[in-house]
Amino acid sequence: MPKLIPVPDELSKPFWEAVNQKRLVLQHCGACNKLQYPPQAACQVCNSAAQLTWKETQGRGHIATSIVIEDGRLNRRMPDQPYNLAMITLDEDPRVNFYSNLPGTPPYKVPVGAAVAVTFEEVAPGQLIHEWQVVA
Ligand SMILES: [Zn+2]
């Protein structure tokens with residue numbers, strides 16, 4: 001399935017560099033002890049920018065909800081329809097969400113509530129992206 005190829009900017013560069021090393025690192029705010037994703041210039045909880053650092057996560061989560069894209073408008077994804085779009089909550093901070101196509105899980109068969117683990121897919125030479133897979 002073709003995926004969007006990330007274009008790292010100054011803010012997201014550490015995130016994508018870690019992904020290329022098969023690590024999931026998120027911004028951590030030392031002022032309020034929260035994780036956040038996607039990367040932002042300041043903490044979205046307490047608005048502090050002074051204590052944002054990068055923290056490696058366990059890369060574990062759960063499926064909060066899921067839909068199947070049957071009639072999406074993204075041209076490059078149309079040949080793959082129907083496909084899953086699941087919302088993942090991160091175990092270490094369930095406020096942090098990711099969206100996933102859940103590779104390996106057929107459409108309409110998503111086990112909502114199940115545990116998932118991060119995985120990495122190459123979308124261009126030398127560029128990985130993070131994805132999520134159901135863990136047995
Ligand atoms: Zn904060």
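The following questions and answers concern the fold of one predicted model. Local features need pLDDT of at least 70 and side-chain atom pairs count only at pLDDT 80 or more, while totals for chains, interfaces and linings use all residues. Residues are numbered from 1 along each chain as its sequence is written.

Me: How many helices and strands does the secondary structure of the protein chain come to?
Reply: Helices (H or I, at least four residues) and strands (E, at least two) are DSSP runs, numbered from the N terminus. From that end, the elements run α-β-β-β-β-β-β-β-β. The count is 1 helix and 8 strands.

Me: In which order do the 3 strands of the open sheet stand?
Reply: Two strands pair if DSSP finds at least two bridges between them. β1 and β2 pair in the antiparallel sense over 3 bridges, and C29 stands opposite K34 in β2. β2 (34–36) and β3 (52–56) each have a single partner strand, so they stand at the edges. The order is β2-β1-β3.

Me: Which residues have the most contacts inside the largest nonpolar core?
Reply: A nonpolar core is a set of buried Ala, Val, Leu, Ile, Met, Phe, Trp, Tyr and Cys residues joined through C-beta atoms within 7 Å. A residue is buried if 20 or more other C-beta atoms, placed from the backbone, lie within 10 Å of its own. The largest core has 14 residues, and those with the most contacts inside it are I63, A86, I88 and W132.

Me: What percentage of the 136 residues of the protein chain count as buried?
Reply: The C-alpha atoms of the protein chain fill a box of roughly 45 × 35 × 25 Å, taken along the principal axes. Of the 136 residues, the share that counts as buried is 20%.

Key. A residue is buried if 20 or more other C-beta atoms lie within 10 Å of its own, exposed if 12 or fewer, and partly exposed in between; C-beta atoms are placed from the backbone.
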